[in-house]
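Open the model in your viewer and keep the selection tool at hand. This tour goes from stop to stop and says what to select at each one.

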Amino acid sequence: MPQVPQTFFDALAVRTWCGLALAALGRAREEIDAINVYPVADGDTGTNLYLTLESACAAVEAAFAGHEAGAGPGGASGAPAVPTLADATRAMAHGALIGARGNSGTILAQLLRGMAQVLAVDADGGSARIDGPGLCLALRHAADAARQAVAHPVEGTVLTVASAAADAATQAAGDCGTVARAAYEGASAALAATPDQLAVLGRAGVVDAGGRGLVAVLGALVETFTGEAPGGGATGAARVRVPVRSETARASAPDGPDECADDVSGPAFEVIYLLEAGDAAVDRLRERLDRLGDSLVVVGGDGLWNVHVHVDDAGAAVEAGVEAGRPYRIRITHFGVGDVHTGGAGRPPRERVQRAVVAVVPGVGLAGLYGEAGATTVLARPGEPPASGELVEAVRRAHAREVVLLPNDADLRHTAAAAAEQARTEGIRVALIPTRSAVQGIAALAVHEPERRFDEDVVAMTSAAGATRYAELAVAERQSWTMAGICQTGDVLGLIDGDVAVIGSDVRATAEAVIDRMLQAGGEMVTLVLGDEAPEDIAAHLEARVREGYLAVDTVVYRGGRQGALLLIGVE
């Protein structure tokens, strides 16, 4: 059905644009994934852009739904039935920020935020709609904001395409449709030139994947204001192709950040999280993360940020966020052997790896530990268990044919089962190991061998988890009846295999009692995972206790960060 054009940029235009852009990215998703070779050839740029914009669309729809509900039948309440332009653009920007995925999605979120900052200010000044010159300013500010968010901007990427779109829009005079078309054409021309700016693209014979996605989004903007998609077809259907170059032409591609094409070294992990923090703390965080890795993009503002970085030490990247403020929705993805980082990104995008592990973890320290062991993690905060959709998304991010899923919580078993079933419908072979604690997950991960047959690997991991008894120390929040008697507010509770077994007043003494009970049945190794609120010397104290009382038992200590429990204990 032909799109009814929007003459001005108002709230309805925001809604229309988001819907058309999401549809365009949906159609171009596989194509964009296929040409993703920079900064990591992990074949997910199209997917990340789509998921980011999907979150923005959902936020805009929620804003409209809220106003429609507030207006009542026939507008009886007197409230407006549609949000203001300021409300709609802020919803779009916020939705993109909290839903941003990957390097490309994070940059897209900042582009949308940059536009929203201009459009919302004009709207707050009394304008219910924006004309062509206002759209020019919004595109300019968006391109500049995105470039400032990237620690080390590289030409030949989406940043170049965004700048070209803004330059072309500035030179155009007319209404929003005229400006949007100029921006689209400027972006398309810049996209076609990206292989001549970035050597990795030239060698692969492709255009920049992120820039290709932005062209699709700008094509949707043209259709919003003109009712016609660029190229005479569905938005985003006009593909910018780069002829496959000869070996001679590829060899003469310009030098760029990937000059040493044979050096495939690069950070092993992608770390992404939302962060509640002030501006000064984020400035310090940028400096610290820039020293830790590359592909650093920090977007947002007003106390809420989205942080993206590629690092070798995932735990350090997360801990830096903890020091800056409150990180949450932490996602750590291990780049598989088949992934190509900047050094060798001229190779084609990777195929799915054969096998991966996806694990739910209760603390940022454990997220780093699991990530360093090669697992894709989902962070579960106290009172904020992940939904099945988050687990499905983690399984997809693992990019594997076979996935072992570790829920690490008895209460998540049904959620994990639903996620596993959904993933199976997408052709992924998933085995759910019903781990009830993160220490059981550690035991399972320790015996994981991707080279084994899938069934054998799952059996070995299940056996290791099942042979690990688990316990935790927590503080009672109120008076309550327990299996060990009545506890009072503030008592230290020692839970073994999910039931309260010890009630005490001192953390060290309670931990000793719990370990003694667990080792009565035997054991070869004690695993301790310390929470942020655990006493500083408790690890050394308990290690000495085990060493003196149980000569054949080893102890290993990890730091779990903000994990809810004072201490997690495992006995294998």
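Start with the lining of the largest pocket, whose residues divide into 23 nonpolar, eight polar and eight charged. In this classing Ala, Val, Leu, Ile, Met, Phe, Trp, Tyr, Cys and Pro are nonpolar, Asp, Glu, Lys and Arg are charged, and the others, Gly among them, are polar. The model is predicted, so local features need pLDDT of at least 70 and side-chain atom pairs count only at pLDDT 80 or more, while totals for chains, interfaces and linings use all residues. Residues are numbered from 1 along each chain as its sequence is written, and side-chain values use heavy atoms, with hydrogens and water left out.

**Stop 1: the largest pocket**

Select Asp409, Asp411, Glu472, Leu495 and Ala565. Of the 39 lining residues, these are the closest to the centre of the largest pocket. The space inside is about 1100 Å³. A pocket is found on a 1 Å grid over the protein atoms alone, as an open set of points with protein on both sides within 12 Å along at least five of seven lines; a lining residue has an atom within 4 Å of a point. Points are joined across faces, edges and corners, and the volume is the space filled by probe spheres set on them.

Now colour the strands. Strand 5 (353-361), strand 9 (469-475), strand 10 (480-482) and strand 12 (492-496) each give two or more residues to this lining. Which strand gives the largest share? Strand 9 does, with five residues. Strands here are DSSP runs of E with at least two residues, helices are runs of H or I with at least four, and both are numbered from the N terminus.

**Stop 2: the cavities**

A cavity is a set of grid points where a 1.4 Å probe fits but cannot get out. There are two cavities of 30 Å³ or more.

Select Leu111, Met115, Leu139, Leu214 and Leu218. Among the 14 residues that line the largest cavity, these lie nearest its centre. The space there is about 120 Å³. Helix 4 (102-124), helix 5 (132-149), helix 6 and helix 9 (209-226) each give two or more residues to the lining. Helix 4 gives the most, four residues. What classes of residue line this cavity? The lining has 14 nonpolar, no polar and no charged residues.

For the second largest cavity, select Leu49, Ser104, Ile107, Leu108, Leu111, Val158, Gly210 and Leu214, which line it. Its space is about 40 Å³. Helix 4 supplies the largest share of this lining, four residues. By class, the lining has six nonpolar, two polar and no charged residues.

**Stop 3: helix 6 and helix 7**

Select residues 158-171 for helix 6 and 176-197 for helix 7; they pack at about 145 degrees, with axes 7 Å apart. Axes are lines fitted to C-alpha atoms, for helices over the stretch in contact, and angles run from 0 to 180 degrees between N-to-C directions. The crossing is right-handed: the near helix is turned clockwise from the far one by less than a right angle. The classes are 11 nonpolar, four polar and no charged.

**Stop 4: helix 14 and helix 15**

Move to residues 388-398, helix 14, and 413-425, helix 15. Their angle is about 45 degrees and their axes are 8 Å apart. Helix 14 is therefore oblique to helix 15; oblique covers angles left over from roughly parallel (under 35 degrees), roughly antiparallel (over 145) and roughly perpendicular (65 to 115). Helix 14 crosses helix 15 in the right-handed sense. Seven nonpolar, three polar and one charged residue make up this contact.

**Stop 5: two backbone details**

Select Tyr38 and Pro39. A cis peptide bond joins them, with omega about -5 degrees. Pro39 sits in the loop between helix 1 (11-34) and helix 2 (45-71).

Finish at Ser295, in strand 2 (residues 293-301). Is its phi positive or negative? Phi of Ser295 is near 50 degrees, a positive value in a residue other than glycine.
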